[in-house]
Amino acid sequence: MVYSFKNSLYPPFFYLYCGYRLKGADMNENITYIFQGTNYMDLTLYQYGRETCAPLLSCGPAAHNHYLLHYILDGKGLFTIGTDRSYSLHAGQAFLICPKSITTYTADKADPWTYIWIEFDGLKVPPFLSDAGLGLQHPIYAPTDPAGSRELESLMLQMLDSHDNSLRLLGGMYWILETLIRTSSRRKPPKTGNLQEFYAHEAQMYIERHYNQNITVAQLANWCNLDRSYFGKIFKDTVLVTPQEYIIRYRINVACDLLKDTDLSIGDISAQVGYDNQLHFSRAFKKVMGISPRDWKKRNRIPAMPDSKE
């Protein structure tokens, strides 16, 4: 998408942050909001908005660092993953973009779509989406009945009206995920508590208390009084990532909070989240977030509003 800011007083990011409505030369209309709240471990938002696309407007091919959910309000379009899977979609459906997957989505020529979209992530997001039957192999939300689709649409539209209330936005995102789980035609049967979930939860609590230390999978298994291999299997089956991946993601989430909210150096932050070597921290951060810690800090600093003059 190309927007013109030749006569703008402020850079493009300022307008996106403030939620300005933008219209490009291709007559594509887009409004985007940047989430201004805290980065939470279990679930966090990054940005969200609404877009009315020009005919044949194509986004991609591209890979994203976080999950994106697009709900189609009107019109039609084509969603493609890689080079071999394409889905023709219409109003009332939604498509999920998973991190690191190469995707392209294109508005229909005769009836281009309008959609609401949300970029989000978090340690609890993969299990939530799995319960809804959604993921890289099954990225399309189709409701069990029209009422489910209308409920999801209403919740996502409410997000656009709550951009000045971060807690309401976060609560709304939990409600959206619950609605996806409850109304998806691919939802999994409700789970009852079991011993595997208990052990996985115990390990997660241990990580939250000791993430700044040198935690090993063997330590976690020993904490749960389980064989290392068996512990690794039940943790991944329950949480959908390996214990080591969970530790890294947790540390990087803490680091994001410190980068955004403090003036600590990259070296100090790397030490606070359990990395003795700043280079190792930077590599892990870039692998998870897609950019370096320094660049992430620059991008997530909220720009100062211009001083009003009497």
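Colleague: What makes Glu29 count as partly exposed?

Modeller: Its relative accessibility is 24%. Buried means under 20% relative accessible area and exposed over 50%, with partly exposed in between (1.4 Å probe, protein chains only). Glu29 therefore counts as partly exposed. Before we go on: this is a predicted model, in which local features need pLDDT of at least 70 and side-chain atom pairs count only at pLDDT 80 or more, while totals for chains, interfaces and linings use all residues. Residues are numbered from 1 along each chain as its sequence is written, and side-chain values use heavy atoms, leaving out hydrogens and water.

Colleague: Where does Glu29 lie?

Modeller: In strand β2, residues 29-34. Helices (H or I, at least four residues) and strands (E, at least two) are DSSP runs, numbered from the N terminus. The protein has 11 helices and 11 strands. The C-alpha atoms of Glu29 and Arg50 are separated by 8.4 Å, though these residues are 21 apart along the chain.

Colleague: Which residues is Lys76 in contact with, leaving aside its neighbours within four places in sequence?

Modeller: Among them are Leu89, His90, Asp108 and Trp113; contact means heavy atoms within 4.5 Å.

Colleague: What makes the pair of Tyr105 and Tyr115 edge-to-face?

Modeller: Let me start with the total: the structure holds 17 aromatic pairs. For Tyr105 and Tyr115, the ring centres are 6.2 Å apart and the planes stand at 65°. Rings of Phe, Tyr and Trp (its six-membered ring) pair if their centres lie within 6.5 Å; planes under 30 degrees apart count as stacked, over 60 as edge-to-face and the rest as tilted. The pair is therefore edge-to-face. Tyr105 belongs to strand β9 (residues 103-107) and Tyr115 to strand β10 (residues 114-121), so the pair ties together parts 10 residues apart in sequence. Both Tyr105 and Tyr115 are buried. Ring pairs also link them into a cluster with Phe79, Tyr87, Phe95 and Trp113.

Colleague: How do you know that the charged end of Arg251 sits over the ring of Tyr275?

Modeller: The charged end of Arg251 is 5.3 Å from the centre of that ring. A charge sits over a ring if NZ of Lys or CZ of Arg is within 6 Å of the ring centre and within 35 degrees of the ring normal. Arg251 and Tyr275 are listed as such a case.

Colleague: Why are α5 and α7 called roughly perpendicular?

Modeller: Helix α5 (residues 195-210) and helix α7 (residues 228-239) pack at about 95°, with their axes 9 Å apart. Axes are lines fitted to C-alpha atoms, for helices over the stretch in contact, and angles run from 0 to 180 degrees between N-to-C directions. Under 35 degrees counts as roughly parallel, over 145 as roughly antiparallel, 65 to 115 as roughly perpendicular and the rest as oblique. So α5 and α7 are roughly perpendicular to each other. The contact includes Tyr199 and Ala203 of α5 and Phe231 and Ile234 of α7.

Colleague: What makes Leu240 partly exposed?

Modeller: Leu240 has 38% relative accessibility, so partly exposed is the label. Leu240 also has a positive phi of about 75° although it is not a glycine.
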